[in-house]
Every structure is written in structure tokens, then in C-alpha cells.
Amino acid sequence: MPPPPPASLDSAYTSGPSLVRTYRVWQGSNVFLFGGRLIFGPDVKSIFISIFLIFVPIAVFCALVARKLLDDFPNHYGWSIMGVVIALTLFALITLLVTSGRDPGIVPRNTHPPEPDDYHLTENSNNGQISTSRFPRTRDVIVNGITVKVKYCDTCMLYRPLRASHCSVCDNCVERFDHHCPWVGQCIGLRNYRFYYMFVFSATLLCLYVHAFCWVYIVRIKDFEKISIWRAMSKTIASTALIIYSFVCVWFVGGLAVFHTYLISTNQSTYENFKYRYDPQTNPYNRGIFNNFKEVFCSRIPPSKNNFRSKVPMEPLDSYRITDNRPLGPMMKRTTRQMELLVGNSVYSEHEDEESHHRDGSENEARSKDSESKDSGLTDKSVDLSRILHTEGVEGQESPVGRHPTWETTSLVPETIIEVGESNTTTGPRYSTQDTV
């Protein structure tokens, strides 16, 4: 049986786009591990510093303090000292990893801005152009009788959900955004705030526990040898160092635990507390202390809105034009018989220029004969452009507009935006033709 013929180049170009995992084309600054199963912030390396700051002091405590207290208490109570510190350490490390390695509540960004209806398209009666007004930066939402403003995110191209904000470190909008914690290398949001509080609270208990039993060990040395407390401290340098270390750390993690306990009791986030400073009467999310704690610790954690392991098609390069290294949105693919102002992007196409400058040498006489008619057409178009610029109060230079062979079935697309500054002379827009679909 003869082998099948090789696939032609045409079939390769017409075949569907290749599929890739979502995390491989993720537009945020996150770091993924284990094939997209774990998601971290860009500063994920800081988590190793946090683990080091927890594990090493506990290892010193177990080896040089807790081990020597095993037989100093009756009924083998000394073993409970070792068991409790190990349990607290494991709990703190697990909550640290869960906080750092899960989706904090990332809002999936849109692939294009909202539909044209949301742009409030208006018809210009003077020149028939369609102009687009900018998105309103905020929208008012009523929450429990209180007006709350939600903002539009230019990066994610969406109006943020209530209590969401854009993290500049991870480059994502996060639901119920609290803050970006460099010690866990992750944003703290709706889906990991509970575990973050557990980590901070358990770390506080761990510091207090180590601090207390180091003093217990020093006091037992003092009582056993009948010496002063200072000499007893000099006989166990490890206990003295752990006392100082735990005293310093407890101000940090303990302060965070107290602060976030206050935030939970008033149903605020760190971002809201620093930006809005709600009063008890003006906080639209406050439901009372009991219900606020119940909302954080007893409510069901919503599933992630992102499937980082799902496969998505990779867009071929020739399926869109590239402007500033980004594909143009659907607002720039409107029907071709309309004028369209491309707000915020400068597009330049050289295809029509190459056609107008590369003609066959045999047609030189025909072009010279038609030059007068083309010049007259150009003058008409230039007059129209100058009238448009004059009505807008801008004196611009006239740009040559070439006659396209299929002029009746094409539309003009302005290639640059006219910026009016203090100078009276500005560069007029370049126009290119675009075939009608």
C-alpha cells in the first residue's frame, strides 16, 4: 500500500491553531509549578526565606531546649512540649504553602474591551464620522443602601467586581483584594485570606510558645544550680538567643494578627482600611462581629474562575495585525464603510504604499496622462480634510492620499491620532485603504 501523500503547505496554513495550556500563555506575572497546578506570585523565592525563619529556630529549640525538658515533668508531660511545638510548626508551614500556592481569586481578564454599545457611540453630524467616547472610569453600585464605586481596569479590560483591585506586582485583578504579601510571595484575596490569617495567628502562637518555654528552661537551671538569672542565661546561649528572636518576631506577626482580627471584626480589607477608612455606619459590608467572622471562616470558598491546565488555541500571527506588540481588539474590525478613530493605538500599514510606488515600467505613460485627474481628485480630498481639521480648530499639514484601484469598495482608516498641543502645527493622519469584507 503506497504511503499517504505529504500534507501540502496550504493545508498546514489552513489547519486549526495549536492548543497550549492556559498557564503557558498567562498574561499575568505569576509563576506556575507542576504543570499549572500551583500558582505563585513573581516573588515566590521569598517563601523560602519565610520557611527558613520558621524551621531553623524551631529545630534549635527542639534540639537544645525541649529535648532537655522531656524528663523534667512528671507523667511524661515533657513530651507534650515537643509534640505541641512540632504540631504548631507543621500547621504554620502548611498554611503558608496553601496561602502562597493557590489562586487568591484572580478575575479572568477580557480578551477585548466591552461591546461597542458600552462605548456610547455618537454620530458626528458635521462630517458623518463615528466617534467613540472613553469608558466612564467608575460605576455606582448600591450595596446595603450605600453607594459604592467600581472602577474600570484598563489592563484587564473590565469593570472590577465589588471589593476587587488590581495588584501591580502580580498584574491581576483579585477579588476582595487585601494586599500583596512579600513574605508569602502571593496576593491575599478572597480564596486565600482565611489561610493567611491562620498562618499569621499560628506563627504568633509559635513565637509565644518558644519564648515562654525558653524562660522555663532558664528558670529551672537557676533553681537547680542556685545561681542568678543572668548566670543561668549565660549557661544556655540557645535559649537566650531564642528569647530575643521570638520577642522581635512576635511584634511583627503578633501585630499582623491583631490588625487582621480587627479587620475581620469590621469586615474590611487592608486595602479598604487604608484607602477608604470606613466608619461603622458607612461600611456597606459590615454585618456584625459574629457574622463577619462567620463569613471569613465558615463560608464556602468559591471555586477558582481560572482553569490553568485547560487548553486554549494559540492565535496564529497572521490572524491579526499587531500594534504595539498587542492584537487589535474587535472595535478595530468594524465594517469598512465607516470612519473609525483608533483611540490609544497608532497603526501603520505599508501595503498600500508599496502598491502605489511599485508599478510596472510599461505603464509610465499612462500614469503621466492620468496625473492631472489624480491631482484634481487629491485636491478634492485634501480640501475635505482641511475643512475637517479647520472645524476642529487644528491647522494640519495635508497628507497625500493615493487613488486605490477599488476605491468604491474600500474605507479610510485614520492611522494616527491628531494630538493638539501648544504648537499650531500638527501632523495630519495617514490614511490607508482596507478591503471590504
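Contact here means heavy atoms within 4.5 Å. The model is predicted, so local features need pLDDT of at least 70, side-chain atom pairs count only at pLDDT 80 or more, and totals for chains, interfaces and linings use all residues. Numbering starts from 1 along each chain as its sequence is written, and side-chain values use heavy atoms, with hydrogens and water left out.

**View 1. Where α3 meets α4.** Helices are DSSP runs (H or I, at least four residues), numbered from the N terminus. On the α3 side (residues 78–101), the contact includes S80, V84, L88, F91 and T95; across from them in α4 (residues 193–225) sit, among others, F195, M198, S202, L205 and Y209. By residue type, the contact splits into 17 nonpolar, five polar and no charged (charged being Asp, Glu, Lys and Arg; nonpolar being Ala, Val, Leu, Ile, Met, Phe, Trp, Tyr, Cys and Pro; polar being the others, Gly among them).

**View 2. The α3 and α4 axes.** These axes, lines fitted to C-alpha atoms over the stretch in contact, lie 8 Å apart at an angle of about 155 degrees. That makes α3 and α4 roughly antiparallel (over 145 degrees between N-to-C directions, on a scale from 0 to 180).

**View 3. R176 in its loop.** Look for R176 between β10 (172–174) and β11 (179–181), strands being DSSP runs of E with at least two residues. Beyond its neighbours within four places in sequence, its contacts include R163, I188, Y193 and N267. Y271 is 95 residues from R176 in sequence, yet the C-alpha atoms are 9.1 Å apart.

Key
Angles under 35 degrees count as roughly parallel, over 145 as roughly antiparallel, 65 to 115 as roughly perpendicular and the rest as oblique.
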